[in-house]
Amino acid sequence: MDVKLFEKHLESSKEFELIVISDEVRNAVAESGIKNGICIVITQHTTTGIIVNEGLPCVEKDIEIMLERLVPQDYPYVHTHMLPSYGTCAGNSPGHLKSLIAGNHCIFPVIDGKLVLGHAQDIYFAEFDGLLRRRYYIEVMGE
Amino acid sequence: MIIDMHMHPVLLDVINDTDEKLFFRKQQFGVFKSSKMPLRFALTLMDDAGVDKTVILGEDYSADSAMPLVSNDEIRTVMDAAPGRYIGFAGADPRKEDAPQELKRAFEELGLFGLHLNLSRTRLNVEDERVQALFQICSECEKPVILHAGYSWKPDTPSRYAEPILFEDAFINFPGVRFCLTHMGWPWWEETIMLLMKYPNVYADTATVYMDSPTKWFKQLFSVSMDIDWLQNSFADKVMYGSNMPRWRQVRSMKGLKDLPLRKDVLDAVLGQNAERFLGKEAVSGR
């Protein structure tokens, strides 16, 4: 079995942002040379997520509204204080909790050298704590 | 115009060309897990928050460390890399014999717009003649002074050198110098507001979020510990927005101020107009 790991970087431009990365994942699968197996997309962070949904602005807005309703910006969170080990303030509890809901990865089949996605599916890097420089991994495993 | 009065440029890529420099700054400043920040990204953060100009603070404690935390030449480098966006304040370590010459060089050759001092880090009393000599230069050159006041997150910074009331004689002896007390002098905010009201040349910045979210913190400080009308009616012309970047992102610290039930004229004054007056026309319009 072959394993190919791709490290990807991006910069979010909003506090909440759904960034479509479907083409990056397709290209990584093609570049990997792996014909049959699986592809895993994994975020490196704790205030982001990897999600799959339909790439429509109205759906994206509903996702944002739902997450904001569940995890509002203003709430007496515990994670709001100076972190001596960082030297910066913890002001991003909503991002951590939205990340928990979204999950840190998604898995897809690879068949005949191609990523298998449903016709309505897009892959998103979900930013919940922007603006920040971010990193995620695409790992392709198979034969 | 919105002006952020308080940014430490310790993480910017344009002054951290080696890993050793970045490591030194992270240890000295106490941002241990932070990463290098591209200047382009710092400007994006400013734009996102609606900040037009940011004051960047030079810091020199090289009497007991390998190099200035951020040298005056490095402050100039940041200003030149983003013309019109940053207003540079010089650092000078009063414990070094050449501090007066270095400060004059920063003003006359590098074009920096004021002096920044953290006496907790240098463990000097404000009445020390070496500190007074730097104030005298600021008086002669008509440059303002940003004085660290209150709690400092920086390592090795005993707070007793930064109690606002200790600076009172300087405000009297240098009436032509505008002084900014950082962090509202917290936890000595009562001393700070007394000094704001008593001395026309004294200002303070809001880089003061030490606990809770900015919204909760500013509500507690300005409308519970104080009455909100104290700020609105007694020293609205003396308080200046400061983010304390990189410890707090500008957009978040500013939200805390915007969430206060302030009159628009007061919010406009805090976010920029007071800083324009404190800094002077040359700094605000300069490059």
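This is a predicted model: local features need pLDDT of at least 70, side-chain atom pairs count only at pLDDT 80 or more; totals for chains, interfaces and linings use all residues.
Local features need pLDDT of at least 70, side-chain atom pairs count only at pLDDT 80 or more, and totals for chains, interfaces and linings use all residues; side-chain values use heavy atoms, with hydrogens and water left out. Residues are numbered from 1 along each chain as its sequence is written, and chains are lettered from A in the order in which they are written.

**Pockets**

- The largest pocket has a volume of about 1200 Å³ (on a 1 Å grid over the protein atoms alone, a pocket is an open set of points where a 1.4 Å probe fits, with protein on both sides within 12 Å along at least five of seven lines; lining residues have an atom within 4 Å of a point; a volume is the space filled by probe spheres set on the points, which are joined across faces, edges and corners).
- Its lining has 36 residues, and A:Leu132, A:Arg134, B:Lys33, B:Ser34 and B:Ser35 are the closest to the centre.
- At least two lining residues of the largest pocket come from each of strands S1 (2–11), S6 (88–89) and S10 (133–142) of chain A and helix H2 (39–49) of chain B (helices, H or I of at least four residues, and strands, E of at least two, are DSSP runs numbered from the N terminus).
- By residue class, the lining of the largest pocket has 14 nonpolar, 12 polar and 10 charged residues (Ala, Val, Leu, Ile, Met, Phe, Trp, Tyr, Cys and Pro count as nonpolar, Asp, Glu, Lys and Arg as charged, and the others, Gly among them, as polar).
- The second largest pocket holds about 470 Å³.
- Among the 25 residues lining the second largest pocket, A:Glu15, A:Gln73, A:Asp74, B:Arg252 and B:Lys255 lie nearest its centre.
- Helices H2 (57–70) and H3 (93–102) of chain A and helices H9 (214–225) and H11 (250–258) of chain B each give two or more residues to that lining.
- The lining of the second largest pocket divides into 10 nonpolar, six polar and nine charged residues.

**Cysteines**

- There are zero disulfides over all chains (a disulfide is a pair of cysteine sulfur atoms within 2.5 Å).
- A:Cys106 is in no disulfide, and the nearest cysteine sulfur, in A:Cys39, is 10 Å away.
- A:Cys106 counts as buried because its relative accessibility is 13% (buried means under 20% relative accessible area, exposed over 50%, partly exposed in between, with a 1.4 Å probe and protein chains only).
- For B:Cys180, the closest cysteine sulfur is that of B:Cys138, at 13 Å, which is too far for a bond.
- B:Cys180 is buried, at 0% relative accessible area.

**B:Leu115**

- B:Leu115 belongs to strand S4 (residues 115–117) of chain B and counts as buried, at 0% relative accessibility.
- Its contacts (heavy atoms within 4.5 Å), not counting residues up to four places away in sequence, include B:Phe89, B:Leu103, B:Phe107, B:Cys138 and B:Ile146.
- B:Leu115 and B:Leu39 are 76 residues apart along the chain, with 23 Å between their C-alpha atoms.
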